[in-house]
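Here's a quick tour of some side-chain geometry, for anyone who likes to see the cut-offs next to the values. Have a look at the model, then read on.

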Amino acid sequence: MAIARQVLCVCAFLSLPHAGAEPIRYSVAEEAESGSLVGKLAEDAGLTPAQLSARRARLVSDDGRQHFRLDRASGRLVVAGRLDREELCGQAPSCMLPFELLLAEPLQFFRVEVALEDINDHSPVFPEERVRFDIPESSEPGSRFLVEGARDLDIGSNSIQAYSISPENEYFSVSYASQSADDKYVELVLEKALDREEQAEMSFSVIAEDGGSPPRRGTIQVHVIILDANDNAPVFTKERYVGKVLENMPEGSVVLTVLATDQDAGVNGDISYQLSQAVGQSDSAFVIDPITGEIKLTKSLDYEAAETHDLRVMARDGGGLSAICKVLVEVVDVNDNAPELVVSSFSSPLPENTVPGTVVALFSVRDRDSGANGKISCALEDQLLFSLRPAYKNYYELVTVSALDREETAQYVLSVTAADAGSPPLTTTQTFTVDVSDVNDNAPVFNQTSYTMYVRENNVPTVFVGAVSAADADVGLNAKVTYSLAPAQAAERPRCSCISVNSENGHVFVLRPLDYEHLRQTEVTVVASDAGSPPLRANVTVRLVVLDENDNAPLVLYPGQESGAASSELVPVSAEAGYLITKVVAVDADSGQNSWLSYHLLRATEPGLFTVAAQSGEVRLRRPVTDRDSVKQKLVVLVRDNGQPPLSATAALSALLLKDFSDVRLPHSSAATEEQDGSLTTYLIISLVFVSLLFLISAAVFVARKVCRRKELQAGHVLYGADNLQSGLADAAAAGTLPRAYCYEISLTTGSGNSEFKFLKPILPSLPPQHCATGQGPEEGQDFPCVPVSTEDMAPDNPGTLSARQFNALSFD
């Protein structure tokens with residue numbers, strides 16, 4: 001029945017003359033005086049003035065308001081009253097006033113459209129007269145500060161064309177940009193770094209100028225307070241908020257809630273909201289809660305007065321930084337029949353590689369109302385990836401406009417709103433839930449760019465040292481990740497075969513014990529592969545660092561301990577306390593505190609005579625040498641590291657206390673050993689026994705042998721010189737203690753002229769070969785130790801002999 005009635009209405013409409021003809025179009029400037037000529041309507045309609053009067057011609061408009069008047073006598077169309085384009089059309093780019101010229105007998109009408117042209121009758125107006133900015137002095141040059149732009153009710157070239165600063169300053173410039181057709185923002189650009197100590201505040205004006213002739217200007221005063229340390233401005237969750245409100249909503253109703261966040265803390269992170277009024281809306285119907293950001297109604301809305309409301313919300317933190325967002329409030333008119341939306345087809349899920357333009361749903365809309373109340377329009381709310389396009393008559397297609405990404409959004413809830421054109425209009429919303437199916441378009445991603453794992457040396461085999469983890473944004477098999485070790489490239493060094501990774505969970509194991517002293521760190525590449533077809537992969541570097549254990553004892557480098565014999569040092573008996581005897585040098589193959597060495601005197605012949613520096617290993621005299629001290633001193637120095645538990649080594653050395661060697665420190669004999677010392681002692685004992693037996697044979701023979709022995713000892717020169725001294729002797733000579741090397745001819749004695757004996761010749765070849773540095777060396781084939789000897793050490797009865805004490809103090813090791 002309804003279809004038959006619509007067909008009859010269409011047939012009646014088509015039967016009218018000129019019903020489908022193009023409209024007659026005119027244009028007139030706004031603010032034209034009443035009676036101004038718009039056009040010769042009768043002539044353009046093909047009528048005479050007489051026909052206009054005879055057929056009772058009249059003008060009919062949809063809203064019932066008569067902006068123009070028809071002069072039937074002349075057939076001219078003139079302005080009926082004051083026309084304000086901004087009042088009639090607002091900021092629309094074009095302002096068209098449609099109406100019909102209706103004739104009777106016979107019934108005929110002509111569609112007429114008059115374009116209202118804009119003139120420059122409005123000046124730019126800022127929402128506020130003054131604005132204040134609290135800007136941290138730490139702001140970098142190039143920082144931008146939003147100033148709500150001026151609004152000019154004019155359009156085109158009569159709208160705002162430029163902004164400037166007066167007076168100009170070196171700190172700020174102005175930048176003007178348009179984010180959309182009706183969203184224009186002004187930004188103050190910081191050109192030079194601020195210094196609060198130099199200038200704590202400044203003021204200037206921002207001037208907006210339109211393109212009219214003459215141009216009109218608007219001004220806002222800017223006051224800048226320079227503060228410290230607020231480097232994050234508030235950020236709205238959306239740049240544009242859209243809300244719909246029924247015109248019969250009661251006062252106090254919440255329209256929507258805006259939300260801004262600030263990454264700062266404390267006062268600088270406290271956000272307050274402020275609602276700024278648009279130009280031309282002096283009495284705002286909205287108020288915003290400064291704490292929660294809820295926008296509420298202060299009075300009932302009128303759909304006929306305004307279908308939409310443009311609001312600006314400023315969020316300002318405690319430090320003075322601010323952000324602005326746009327809020328569009330749509331007023332929904334009331335109607336008694338809501339449109340109906342019937343879905344013909346719907347496809348879900350969609351593969352994420354669906355090409356743009358794919359049809360997701362096909363639906364039709366209808367409304368049981370007629371006329372304007374039955375005229376339906378459809379809109380898709382808040383979607384960038386989908387759009388609606390008309391298909392056939394009242395059918396619409398929901399299509400994709402760009403590529404989908406399941407990993408970003410796995411499900412889209414699309415709201416299609418069908419609204420009629422009634423007064424008030426009613427709406428119907430159909431929700432389409434579109435699921436996005438997965439394709440393998442994402443490679444695994446490790447949760448770290450690289451991994452560093454640690455293992456202590458001497459570890460047990462197959463010890464767990466850490467795990468790598470990669471996630472795949474896909475789902476199902478496309479997200480199943482397995483791990484493996486990448487083979488070493490030909491140009492790379494062979495990787496360590498001691499590392500293994502579990503293919504399922506990414507656990508990393510060390511397969512064999514490691515030695516920090518041989519391998520301190522190594523790197524391998526772990527590959528994460530998904531199970532897609534084809535599989536996608538990602539690589540990550542795993543560095544294994546071996547931690548040191550205290551598994552190496554200190555190694556004594558000096559004095560050498562290779563032969564098991566202690567080194568010998570010569571110390572003058574006149575040396576004072578603190579005299580440097582030698583230095584123990586040791587190293588430890590470990591690292592860190594495991595290699596920090598300390599030196600301790602473990603035992604000594606005279607413990608109170610020597611001291612060892614704990615850090616440097618220097619062996620010094622604790623006190624001066626006395627006659628009671630033994631000539632030959634043996635010391636054992638303990639070298640200990642700082643590990644847990646500590647390891648240690650010992651260094652054995654001996655010292656000979658010699659008289660009148662106060663500034664000379666003889667070096668160690670590299671060939672001296674305990675075995676040689678024992679051999680020499682044995683030879684001396686045999687010699688003494690042999691001499692004693694000879695003494696018992698005959699007193700007479702003894703007297704004769706005494707004379708002979710003196711002659712033999714005087715003839716057998718034992719040369720002791722300073723040629724073999726190392727750095728200690730060289731330093732002493734340089735210091736002036738030994739101006740030059742001397743050789744002495746000495747004979748050995750027991751301390752009295754009655755008990756001297758000759759040094760046996762067979763013993764001498766076993767002594768280490770050392771030469772005297774006097775230029776008068778021993779005879780060919782003879783090598784004797786060289787020792788500088790002062791005349792005070794000679795026996796009192798023979799200047800060429802040593803006493804028994806000095807002889808025993810000599811070391812022939």
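F126 is buried, as its relative accessible area is 7%; buried here means under 20%, exposed over 50% and partly exposed in between, with a 1.4 Å probe and protein chains only. Keep in mind that this is a predicted model, where local features need pLDDT of at least 70 and side-chain atom pairs count only at pLDDT 80 or more, while totals for chains, interfaces and linings use all residues. Residues are numbered from 1 along each chain as its sequence is written, and side-chain values use heavy atoms, with hydrogens and water left out.

So what does F126 pair with? A search of the whole structure turns up 14 aromatic pairs. Rings of Phe, Tyr and Trp (its six-membered ring) pair if their centres lie within 6.5 Å, and planes under 30 degrees apart count as stacked, over 60 as edge-to-face and the rest as tilted. F126 and Y163 are edge-to-face, because their ring planes sit at 65 degrees, with the centres 6.2 Å apart. F126 is in the loop between β7 (108-117) and β8 (130-136) and Y163 is in strand β10 (residues 160-166), so this pair ties together parts 37 residues apart in sequence. Strands (E, at least two residues) are DSSP runs, numbered from the N terminus.

Y163 is buried too, with 11% relative accessible area. Y163 also forms a tilted pair with Y176, at 5.0 Å centre to centre and 40 degrees between the planes. With Y163 in β10 and Y176 in strand β11 (residues 172-178), that pair ties together parts 13 residues apart in sequence. Y176 is partly exposed, at 29%. Elsewhere, ring pairs link F133, F145, F172 and F204 into a cluster.

On to charges. Side chains of opposite charge can pair when their charged atoms come close. The rule used here is a side-chain nitrogen of Lys or Arg within 4 Å of a carboxyl oxygen of Asp or Glu, and by this rule the count comes to 18 salt bridges. Three of them look like this:

| Salt bridge | N to O distance |
|---|---|
| E148 and R151 | 3.9 Å |
| R406 and E407 | 3.2 Å |
| K480 and E504 | 3.8 Å |

K480 sits in the loop between β35 (470-471) and β36 (481-485), and E504 in the loop between β37 (499-501) and β38 (507-510), so the pair ties together parts 24 residues apart in sequence. K480 is partly exposed at 40% relative accessibility.

Next, M314, which is found in strand β22 (residues 308-317). M314 counts as buried, at 11% relative accessibility. Which residues does M314 contact, leaving aside neighbours within four places in sequence? Among them are F236, Y273 and I324, where contact means heavy atoms within 4.5 Å. M314 and C325 are 11 residues apart in sequence, and their C-alpha atoms are 6.7 Å apart.

Last stop, the surface. L555, L557, Y558, V585 and V587 form a nonpolar patch there, with about 400 Å² of accessible area together. Patches take residues with over 30% relative accessible area and no salt bridge; like charges are joined within 9 Å and nonpolar side chains (Val, Leu, Ile, Met, Phe, Trp, Tyr) within 5 Å. Areas come from the Shrake-Rupley method with a 1.4 Å probe, and for residues only the protein chains shown count as cover. β41 (555-558) and β44 (585-587) each supply at least two of the patch residues, and the largest share, 3 residues, comes from β41. L557, in strand β41, is partly exposed at 46%.

How values were computed
Helix = DSSP H or I, 4+ residues; strand = E, 2+ residues; numbered from the N terminus.
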